[in-house]
Amino acid sequence: MTVTASAATVSDFYYGAVTPVAAYLMACLGAALGLRCTTRSLRRPQHRARWLALGAVSIGCGIWTMHFIAMIGFSVEGALVNYDATKTLLSLFVAIAVVAVGVFLVGYRGGSPLNLGVAGTVTGLGVAAMHYLGMAAIHTNGTLHYDPVTVALSIVIAVAAATAALWAAVSIHALWASLGASLVMGVAVTGMHYTGMAAVSVHLTNVAGASQSSADLVAFLLVMLAGPLLVLLVAAVIVMFDPDMMLGETEPQESVSVPAPMFGGDSVFPAKPSVEPSQSRSSW
C-alpha cells in the first residue's frame, strides 16, 4: 500500500492580527523587564547574581511566551495540530538557560565586542534551538519540512537579536531609552519567529477532516502559558516596587526608610562609591 503525501495549506494567522500582536507585546514585556533587572544588577554589585537571574528568567519567559502565543494562530488545513507536553516544557527551560548564559556573561565580564559576540552567538543559537524544539513538539497528520535557507536566515536573526539585546542590557540604563530598546527587541524576536515559520511546509499523509485549531489545542497552550505569564507578572511587581522605583528624583535617601533588598549575591566587581543624597536617581 502506497501512502501519498500532499502539501497542505499552512497559516500562522488563523485568528488574524490578535496572536502576532499579543506575541509581540509579550516579547517586549520580557525584554523590558530583563533590561531593568540588568540595570539594577549594575547599580547594586552586591546583589548582581539574583538580579541577573531574574532578568534571564524574564527574557526567557518573554521569548517562550511570544513563541507559543504566536503558535495559537498556527493552523494546517485538513489536519488537527497537537503538542507534546514534555518537549514544550523542555523548550521553556532551554530558553531560560541560554538567556541566562548570555546575561551572566555580559553582567560579570562586561560588554566588550568579543564578549558580546560570544554571549550573543550562544544565546541566539539557544533561542533558535528553543524555537525548533517547540516546533518538534508538534504532532499532526503528516510531516513538517523546512526550507534550509529560511531556517539559516532565522538563526542569523536570532543571533543578531540576542547580541543587540545583550548590548542594550549593559549599555542602556535610562528608563525611556530602555523601553524604546525593548520595543525594537520585540520586533527582532517576533521577526525571528515568523521567519522560522515561513520555512515550514506540511505534507499530510492522511486527512483528519479538520481545518482549524481545536478548542483542546488552545486550552492546552493557555495552560502551558499560565506559568510563564505568572512569572512575568511577579517580575514586573518586583521591578516596579523595588526601593529605587519608590524614591523621588530629588528626594534625599536619608529621609526614606528603604527596606532590605529582596535579592542578594556576590559580585566580582567592586562596589561603586555611594552617590550624594542630592544626586540620587530613580529608575525602574
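The model is predicted, so local features were taken at pLDDT of at least 70 and side-chain atom pairs at pLDDT 80 or more, while totals for chains, interfaces and linings use all residues. Residues are numbered from 1 along each chain as its sequence is written, and side-chain values use heavy atoms, with hydrogens and water left out.

The protein contains eight helices and seven strands. Helices (H or I, at least four residues) and strands (E, at least two) are DSSP runs, numbered from the N terminus. Of the 284 residues, 48% are buried, where buried means under 20% relative accessible area, exposed over 50% and partly exposed in between, with a 1.4 Å probe and protein chains only. Among contacts (heavy atoms within 4.5 Å) with a separation of 6 or more, 89% are between residues 24 or more positions apart.

Two packed helices are described by the angle between their axes and the distance between the axes. Axes are lines fitted to C-alpha atoms, for helices over the stretch in contact, and angles run from 0 to 180 degrees between N-to-C directions. Angles under 35 degrees count as roughly parallel, over 145 as roughly antiparallel, 65 to 115 as roughly perpendicular and the rest as oblique. A crossing is left-handed if the near helix is turned anticlockwise from the far one by less than a right angle, and right-handed if clockwise.

Helix α1 (residues 18–43) packs against helix α7 (residues 215–240) at an angle of about 40°, and their axes are 10 Å apart. The two helices are therefore oblique to each other, and α1 passes α7 in a left-handed crossing. On the α1 side the contact involves Met 26, Leu 29, Gly 30, Leu 33, Arg 36, Cys 37 and Arg 40, which meet Leu 229, Leu 232, Ala 235, Ala 236 and Val 239 of α7. By class, nine of the contact residues are nonpolar, one is polar and two are charged. In this classification Ala, Val, Leu, Ile, Met, Phe, Trp, Tyr, Cys and Pro count as nonpolar, Asp, Glu, Lys and Arg as charged, and the others, Gly among them, as polar.

Ser 58 lies in helix α2 (residues 48–72). Its relative accessible area is 1%, so Ser 58 is buried. Leaving out residues up to four places away in sequence, Ser 58 touches Gly 30, Leu 33, Gly 34, Leu 232 and Ala 235. Gly 30, Leu 33, Leu 232 and Ala 235 also take part in the contact of α1 with α7.

Helix α4 (residues 113–136) and α5 cross at roughly 130°, with axes that come within 7 Å. This angle makes α4 oblique to α5, and the crossing is right-handed. Residues of α4 in the contact include Leu 116, Ala 119, Gly 120 and Tyr 132, and those of α5 include Val 151, Ser 154, Ile 155 and Trp 167. The contact has 12 nonpolar, six polar and no charged residues.

The axes of α5 and helix α6 (residues 175–198) come within 8 Å and cross at roughly 165°. These helices are therefore roughly antiparallel to each other, and their crossing is left-handed. Among the contact residues are Thr 150, Leu 153 and Ser 154 of α5 and Ala 181, Met 185 and Thr 195 of α6. The contact divides into 11 nonpolar, four polar and no charged residues.

Val 151 is found in helix α5 (residues 148–171). With a relative accessible area of 17%, Val 151 is buried. Beyond its neighbours within four places in sequence, Val 151 is in contact with Tyr 132, Tyr 146 and Ala 199. Val 151 and Thr 195 are 44 residues apart in sequence, and their C-alpha atoms are 7.6 Å apart.

Three strands form an open antiparallel sheet in the order β1-β7-β6. Strands β1 (6–7) and β6 (142–146) stand at the edges, each with a single partner strand, so one side of each has no neighbour in the sheet. Two strands pair if DSSP finds at least two bridges between them. Strand β7 (residues 200–204) pairs with β1 over two bridges and with β6 over five bridges. Leu 204 of β7 stands opposite Ser 6 and is also the bridge partner of Gly 142. In a regular strand the side chains alternate between the two faces of the sheet. In β7, Val 200, Val 202 and Leu 204 form a covered face, and Ser 201 and His 203 an uncovered one.
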